[in-house]
Amino acid sequence: MTNIENFLKELKAYWVANDIPNVTETNARFLRDLVKIKWAKNLLEVGMANGYSTINFAIEIQKNGGKITTIEFSPDSVAKAKANFEAVKLDWIIDIRCGNALDILPSLGEKYDFIFIDAMKKRYKDFFILTWDKLESGWIMILDDVIKFRHKMESFYEYMEEIGLEYNLLPIDEDDWVIMIVKD
Ligand SMILES: C[S@@+](CC[C@H](N)C(=O)[O-])C[C@H]1O[C@@H](n2cnc3c(N)ncnc32)[C@H](O)[C@@H]1O
């Protein structure tokens, strides 16, 4: 196992012990495989926390010669994530935007080939609306924790129904189901 993978294992153990809601290890592996299979190069993450999912993405994105933009509104989490990114020497491919994603997303002028949504569940409909046009055709959006917190995201499910957009509901982990949408 490489140093980065060891570092990630230690971070994960610490965060599990301290109840920090990162993606599970199984989900992290799935997300990394998707980035690998698709050869993604420009990834947008909404909801970074201390950067566990971001580091997992960055390991693969670095191999693809790409970069990550990630948004988080907790200054404390941003400070910890920055230190973690520097520790694994992946900070140079990660652009952290500190603030409310609802304010930041409209100002992002780029298109992305992979979008990962993992912030406040009751705002998933808004995050979807603010990011959908930024996703390239043929590429992937993943929304995390869509069953455990389904009760907080009814407006998102209703919106999917309303616009008739098909999606895959994937039981990646008992504790961590995701929605995967592949854009036509
Ligand atoms: C579930 S955690 C993210 C976990 C991370 N993706 C991982 O797996 O390592 C959700 C994070 O989203 C942040 N967040 C929630 N709503 C937000 C918003 N509107 N704008 C920016 N950050 C937000 C929270 O502060 C929290 O750190």
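The legends below describe views of a predicted model.

View 1. From the N terminus, the elements run α-α-β-α-β-α-β-α-β-α-β-α-β-β. The radius of gyration is 15 Å, close to the 16 Å that the globule rule gives for 184 residues, so the chain is as compact as a globular protein of that length. Along its principal axes, the C-alpha trace spans about 45 × 35 × 30 Å.

**View 2. Burial and contacts across the chain.** Of the 184 residues, 36% count as buried. Take the contacts between residues at least 6 apart in sequence: 73% of them join residues at least 24 apart.

**View 3. The largest nonpolar core.** This core has 45 residues. Leu31, Leu43, Phe114, Ile115, Ile117 and Leu143 have the most contacts inside it. In soluble globular proteins, nonpolar side chains tend to be buried together.

**View 4. Leu31 and its contacts.** Leu31 is one of the core residues with the most contacts inside the core. Residues up to four places away in sequence are left out here. Beyond them, Leu31 touches Val23, Ser53, Asn56, Phe57, Phe116 and Ile142.

**View 5. Trp39 in the loop between helix H2 and strand E1.** Helix H2 covers 25-38, and strand E1 covers 42-46. Trp39 lies in the loop between them. Gln62 is 23 residues from Trp39 in sequence. In space, the two are 10 Å apart, C-alpha to C-alpha.

Technical notes:
Residues are numbered from 1 along each chain as its sequence is written. This is a predicted model: local features need pLDDT of at least 70, side-chain atom pairs count only at pLDDT 80 or more; totals for chains, interfaces and linings use all residues. Helices (H or I, at least four residues) and strands (E, at least two) are DSSP runs, numbered from the N terminus. The radius of gyration is taken over C-alpha atoms; the globule rule is 2.2 Å times the number of residues to the power 0.38. A residue is buried if 20 or more other C-beta atoms lie within 10 Å of its own, exposed if 12 or fewer, and partly exposed in between; C-beta atoms are placed from the backbone. Two residues are in contact if their C-beta atoms, placed from the backbone, lie within 7 Å. A nonpolar core is a set of buried Ala, Val, Leu, Ile, Met, Phe, Trp, Tyr and Cys residues joined through C-beta atoms within 7 Å.
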